[in-house]
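Visitor: I am new to this structure. Please take a close look at the aromatic rings and what they pair with, and go slowly.

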Amino acid sequence: MALPKQSDDFPGWYQEVVKQAGMAEPSLARGTMVIKPYGFGIWERIQRAFDDRIKATGHENLYFPLLIPNKLLEKEAEHVEGFAPEVAVVTHAGGEDLEEPLVIRPTSEAIIWATYAKWIQSYRDLPLLYNQWCNVVRWEMRPRVFLRTTEFLWQEGHTAHETADEAIAEALTILHEVYVDAARTVCGLPVVPGRKSASERFPGAEETLTMEGMMCDRKALQAGTSHYLGQNFAKAYGVQFQDRDGEQQYAFATSWGVSTRLVGAVIMTHGDDKGLRLPPALAPHEVVIVPIYKSDGERARVHEALAHVKSALADRRVKVDDREQLRPGYKYNEWELKGVPLRIEIGPRDAEAGSVVVARRDTGEKETVAVGKLAGRVGELLAEIQTGLYRDAEAFRDANTFSPKDYGEFKALIEAGGGFLQGAWCGDPDCEAEIKAETKATIRFLPLQPEDPGAPCVHCGKPGVDRATWALAY
Ligand SMILES: [Zn+2]
């Protein structure tokens, strides 16, 4: 079935790409998804990129349980209030009502900080730099595959520190050296690092840092967050340590996460009307080879040449599509939809000439390459595609970043489809809420350090205290 055009029906396009590319499908419990092998292959590569960087910055992986006693969650007031509407509770098990209900983790601060209370006694026990890869459950009212699902996969880092400065530095290290670096270099996402306004913070955080991407419908997607939690969780769960002067202190915390939502970000940043376009670093197959022949004689010659091509590309992730019952044109469309970066075509004439035709998914360009030079050329092309997809997305983001001169222009830009709208903001949460009520646009990020905009608020005209970026968002 043909895909809807992105410009006609972006949500329909997204849904069909996810389905037809074999990435995921909705499952039987509302809001849940089955991640199929092709989608999971992409997630595994994302996971590896982030995990490598998490470890390179000094963190270790561990694992905490899925079930958390309900009363533990209730200890941090803002946290429980923020998550209460989304929490699933187990009240019945083993054939009877539970005396104490258990929640299925929506995030693990509660169980982890209750445990850290046992692990942290002295400054010598700090810092704790731990991360876990797991699933979490948040009851979604408007589920959407990969973007908002009731159950999703993610990593959650939870660190404990002696000082506020050290914890703030940790939150920034994760944002820059782990999240932004992996998102840009591996996923090809030109994300912008920034700080959330108070109303968009994680429940219980002092500061929430974000990396924000622009999708190709010009909506923003929060692609990962890193929180400085101050001493809120240490106080709620009684995590005290003896400092270097022999005094009792509460530990300082961070937490940070990226999820399977990143798969959605990759689809919606790089896709086009033909389907997915995958950055080579994430592609389950970097190259697909389609042999072309009609007679048995041609088949034999093409297969002999194919063996040389395969050995030339032995260190690449290569898929040979030799399904006999399907025509080459059908296969081309299918692999274009699945976003495979390079396609190699070998017909009888190519076999005779000792060459192949190489087609790029990103630009659609084709070239003839001698088999002897194939390994080198494929390496060059994959590197070009990896950086090219990033540059295209960055140019699109920049072309759709605006500085409206007044609120009239602000509203006109939102009605025309949005983008990143940058302007002065007064810092008042009520003003922020009014803009949201009137236009649906929210503050996606503020600069990492407040910047004097030298202009009045774009909405209310009061003195500006910071430079905000608004957008319609997922
Ligand atoms: Zn204002």
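Guide: A charge is said to sit over a ring if NZ of Lys or CZ of Arg is within 6 Å of the ring centre and within 35 degrees of the ring normal. The model is predicted, and two such contacts can be named in it. The charged end of R343 lies 3.8 Å from the centre of the Y332 ring and sits over that ring. For K338, the charged end is over the ring of Y38, at 4.4 Å from the centre.

Next come rings that pair with rings. A pair of aromatic rings is described by how far apart the centres are and by the angle of the planes. Searching the whole structure gives 14 aromatic pairs. One of them joins W119 and Y130: the ring centres are 6.1 Å apart and the planes stand at 85°, so this pair is edge-to-face, as angles over 60 degrees are. W119 belongs to helix α5 (residues 109-119) and Y130 to strand β7 (residues 128-137), so the pair ties together parts that are eleven residues apart in sequence. With a relative accessible area of 38%, W119 is partly exposed.

F233 and Y237 make a pair with another geometry. Their ring centres are 6.4 Å apart and their planes meet at 5°, so F233 and Y237 are stacked, the word used for planes under 30 degrees apart. F233 and Y237 are four residues apart in helix α7 (residues 232-237), which puts about one helical turn between them. F233 is buried, at 0% relative accessibility, and Y237 is buried too, with a relative accessible area of 7%.

The zinc ion has as its protein donors the SG atoms of C426, C431, C457 and C460, at 2.3 to 2.4 Å. The angles among the four donor atoms run from 104 to 119°, and the site is tetrahedral. Along the sequence the donor residues follow the spacing C-x4-C-x25-C-x2-C. C426 is in the loop between β21 (420-425) and α14 (429-439), while C460 is in the loop between β22 (442-445) and β23 (466-471), so this pair ties together parts that are 34 residues apart in sequence. C426 is buried at 11% relative accessibility, whereas C460, at 33%, is partly exposed.

Methods. Residues are numbered from 1 along each chain as its sequence is written. This is a predicted model: local features need pLDDT of at least 70, side-chain atom pairs count only at pLDDT 80 or more; totals for chains, interfaces and linings use all residues. Side-chain values use heavy atoms; hydrogens and water are left out. Rings of Phe, Tyr and Trp (its six-membered ring) pair if their centres lie within 6.5 Å; planes under 30 degrees apart count as stacked, over 60 as edge-to-face and the rest as tilted. Helices (H or I, at least four residues) and strands (E, at least two) are DSSP runs, numbered from the N terminus. Buried means under 20% relative accessible area, exposed over 50%, partly exposed in between (1.4 Å probe, protein chains only). Donors are N, O and S atoms within 2.8 Å of the metal (3.2 Å for Na, K and Ca); water is not among the atoms, so sites may look incomplete. Four donors count as tetrahedral if all angles lie between 85 and 135 degrees; four count as square planar and six as octahedral if opposite donors are over 155 degrees apart and all others between 65 and 115; anything else is irregular.
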